[in-house]
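Hi,

Here is the structure I said I would pass on to you. Have a look at it first, then read on for what turned up in it.

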Amino acid sequence: MSVNNTNTNTTRRDEIAAGLAEVERRIAGACQSAGRARHEITLVAVTKTRPASDVRILAGLGIRDVGENRDQEAAAKAGECAGLPLTWHFVGQLQTNKVRSVVSYAGVIHSIDRPKLAEAVGREAVRTGREVTCLVQVALDEDPGRGGVVPAGLPALADLIAVTGGLRLGGVMAVAPLGGDPGPAFARLAELSAELRKDHPDAKVISAGMSGDLAEAIRHGATHVRVGTALLGRRTPFVR
Ligand SMILES: *Cc1c(COP(=O)(O)O)cnc(C)c1O
């Protein structure tokens with residue numbers, strides 16, 4: 001190829017800037033029709049499968065929150081991006097044997113779905129003098145393979161997080177069921193969040209909405225949208 005690195009990155013920056021402008025336009029439109037303010041919504045840029053150079057471009061464009069779903073990839077990228085003013089969000093299913101690594105870089109874990117995991121994160125956070133914001137991932141469909149606690153299990157898991165050292169209970173997270181209208185699932189998540197906030201008024205986070213359904217999520221009270229494809233393009237396998 002005749003293009004050098006600098007030119008490649010200039011082009012990539014333009015692509016990402018255009019993606020970000022379009023996502024911001026969609027968020028602004030959704031906020032306007034829902035009577036909400038833009039500052040109520042945190043855009044988490046999901047950078048899984050994307051190189052650290054993309055993360056650096058996003059940081060240069062003002063993004064402060066990035067999301068990853070696999071520890072091995074995320075740990076390497078967070079290391080490469082050390083020094084950038086970023087909060088790393090872990091949004092994928094998490095095995096307890098990865099907790100030590102994840103707690104070393106993640107400020108927020110969106111996928112707490114069982115007591116053992118909450119306790120393991122708490123132990124590691126205390127050991128390393130960190131505070132990790134934990135969201136309880138709620139399963140809104142019958143598919144157990146996608147992670148999440150059943151709605152009936154939310155209060156007990158939230159109570160556990162709230163009393164566990166090293167953890168801050170942030171709120172709830174869900175992924176809309178595959179196929180069909182995400183509206184009912186996001187409405188249910190909003191109800192569960194309202195119920196949770198009766199006992200835990202500071203647990204205000206509702207992490208919902210991805211590239212395809214962010215407007216619907218914002219309509220239903222999402223405070224955090226997790227957006228990959230619409231910012232960075234369709235994912236191809238990440239070669240390490
Ligand atoms: C990949 C991923 C996203 C982003 O999905 P896009 O459709 O690419 O925006 C959001 N949340 C989770 C949990 C993910 O794994």
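Sorted by class, the lining of the largest pocket has 6 nonpolar, 8 polar and 4 charged residues. That lining is made up of 18 residues, and the ones nearest the pocket's centre are K48, V91, V175, M210 and R226. The volume of this pocket comes to about 380 Å³. Before you go further, keep in mind that this is a predicted model.

So what takes up that space? The ligand does: the space it takes is the largest pocket. Colour these residues if you want to see what is around the ligand: V46, K48, V91, M173, M210, S211, R226, V227, G228, T229 and R235. By class, that shell has 5 nonpolar, 3 polar and 3 charged residues.

Next, zoom in on some polar atoms around the ligand. How far is the polar side-chain atom of R226 from a nitrogen atom of the ligand? The distance is 2.9 Å. At G228 a polar backbone atom is involved, and it lies 2.8 Å from an oxygen atom of the ligand. R235 brings in its side chain, where an N or O atom is 2.7 Å from an oxygen atom of the ligand. As for cover, the ligand on its own has 390 Å² of accessible area, and the protein covers 87% of that.

Searching the whole structure for cavities of 30 Å³ or more gives 1. The largest cavity holds about 60 Å³ of space. Its lining consists of Q137, V138, A139, L140, D141, D143, R146, G147, A174 and V175. In terms of class, 5 of these lining residues are nonpolar, 2 are polar and 3 are charged.

One last thing to click on is T49, in the loop between β1 (42-46) and α2 (52-60). T49 is not a glycine, yet its phi is positive, at about 70 degrees.

Cheers

Methods:
Residues are numbered from 1 along each chain as its sequence is written. This is a predicted model: local features need pLDDT of at least 70, side-chain atom pairs count only at pLDDT 80 or more; totals for chains, interfaces and linings use all residues. Side-chain values use heavy atoms; hydrogens and water are left out. On a 1 Å grid over the protein atoms alone, a cavity is a set of points where a 1.4 Å probe fits but cannot get out, and a pocket is an open set with protein on both sides within 12 Å along at least five of seven lines; lining residues have an atom within 4 Å of a point. Grid points are joined across faces, edges and corners, and a volume is the space filled by probe spheres set on the points. Ala, Val, Leu, Ile, Met, Phe, Trp, Tyr, Cys and Pro count as nonpolar, Asp, Glu, Lys and Arg as charged, and the others, Gly among them, as polar. A residue is near a molecule or strand if one of its heavy atoms lies within 4 Å of it. A polar contact is a pair of N or O atoms within 3.5 Å; within protein, one must be able to donate a hydrogen and the other to accept it, and residues adjacent in sequence count only if both atoms are side-chain atoms. Accessible areas come from the Shrake-Rupley method with a 1.4 Å probe; for residues, only the protein chains shown count as cover. A molecule sits in a cavity or pocket if more than half of its atoms lie within 2 Å of its grid points. Helices (H or I, at least four residues) and strands (E, at least two) are DSSP runs, numbered from the N terminus.
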